[in-house]
Amino acid sequence: MEERFSLAVNPKPGKGELSVIFSGRERTMPGHNVGPQVHDYFLVHHVMAGTGTFQCLGRTYELKRGDSFFIFPAELFRYTADRDDPWTYRWVGFRGDRAEEMLSVLDISRHKPVAQPTKHKRAAVLFHQMERILKAGEPNCEMRSGGLMRMLLAEYEKGDLERAEGPGAKQSPIEQQVERTIRWLSVQYSQPISIEEMSRSLGYNRTHLSKMFKQYTGMTPMHFLLKIRMERAKLLLRERLTVEQVAASVGFADPLYFSKQFKKWFDRSPTEYRLEAEGRTMYDCND
């Protein structure tokens, strides 16, 4: 009987335009749920069978065989397999300097994260080949998996171009503004940011941008920025960094203010969160 779960990791991922970091497959249990959580890399799932839902930016997508959903860095998401007809899917995690740009060309974005390859079986083969190459761990697996990833992305191009010709398929100027703002915040979160500076940098009217951003995301730009920073801080607190270093890495010059904001957001201090993540408590005397 085929195994329920498999995963292969790139032993030496690159740092260029596009690099595959892992690939896998899962036949999920009924009601299998992932999230809410945030990643610092891109992740695409392709549904081989079954149904389920994917949630991000306040929207819920019903997905079935042949659908793919893309998860973007610093974006809060959740996905759940159907209880009666749970998913089987393949996935690939990737990152790169041009990854988001490549997806944008295919009309895949944070506001349009669901797409269908032109040939379901061809896409499934490419997902499988990437996992097999990473599992073998040969010296050239970085180059080979990166090439396959480009071939996989190309499978989404024709279908998206055909759909773009249909009525209402193109993004409105406002949607483009919001998406560009989210991308800007996701890149600049580690820097001191004000709404005035952001609006000026993007060339938008401050009041108009704030209103449209909240309409489409349910948050103000600054609240969305805080969400990015706090979720990124959670990940960094699992690394060998001091609280001061984590604070600086997510745009807080004052570690004390960072700690207060973190506790407001997660109802525990950074130190308490770190100890919980390590399976300890503030009163653990075993060390």
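I began with Phe72, which counts as buried at 2% relative accessibility, where buried means under 20% relative accessible area, exposed over 50% and partly exposed in between, with a 1.4 Å probe and protein chains only. I note that this is a predicted model, in which local features need pLDDT of at least 70, side-chain atom pairs count only at pLDDT 80 or more, and totals for chains, interfaces and linings use all residues. Residues are numbered from 1 along each chain as its sequence is written, and side-chain values use heavy atoms, with hydrogens and water left out.

Next I looked up aromatic pairs, for which rings of Phe, Tyr and Trp (its six-membered ring) must have centres within 6.5 Å, with planes under 30 degrees apart called stacked, over 60 edge-to-face and the rest tilted. By this rule I have 20 aromatic pairs. One of them joins Phe42 and Phe72 edge-to-face, at 5.5 Å centre to centre and with 70 degrees between the planes. Phe42 lies in strand S4 (residues 42-49) and Phe72 in the loop between strand S7 (68-71) and strand S8 (77-81), so the pair ties together parts that are 30 residues apart in sequence. Helices (H or I, at least four residues) and strands (E, at least two) are DSSP runs, numbered from the N terminus. Phe42 is also buried, with a relative accessible area of 6%.

I then turned to Phe262 and Phe266, whose pair is tilted, with 4.8 Å centre to centre and 55 degrees between the planes. Both lie in helix H10 (residues 255-266), four residues apart, which is about one turn of the helix, and both are buried.

For helix H8 (residues 221-236), I checked the length: its 16 residues should span 22 Å at 1.5 Å a residue, and the end C-alpha atoms are 22 Å apart, which agrees. The expected span is 1.5 Å times one less than the number of residues. The buried residues of H8 include Phe224, Leu225 and Arg229, and Arg229 lies over the face of Phe252, at 5.5 Å from the ring centre. That term requires NZ of Lys or CZ of Arg within 6 Å of the ring centre and within 35 degrees of the ring normal.

Last, I traced an open sheet of four strands in the order S3-S8-S5-S6, with antiparallel pairing, where two strands pair if DSSP finds at least two bridges between them. Strand S3 (33-37) and strand S6 (59-63) stand at the edges with a single partner strand each, so one side of each is left without a neighbour in the sheet. Three bridges join S3 to S8, and the partner of Gln37 in S8 is Phe77.
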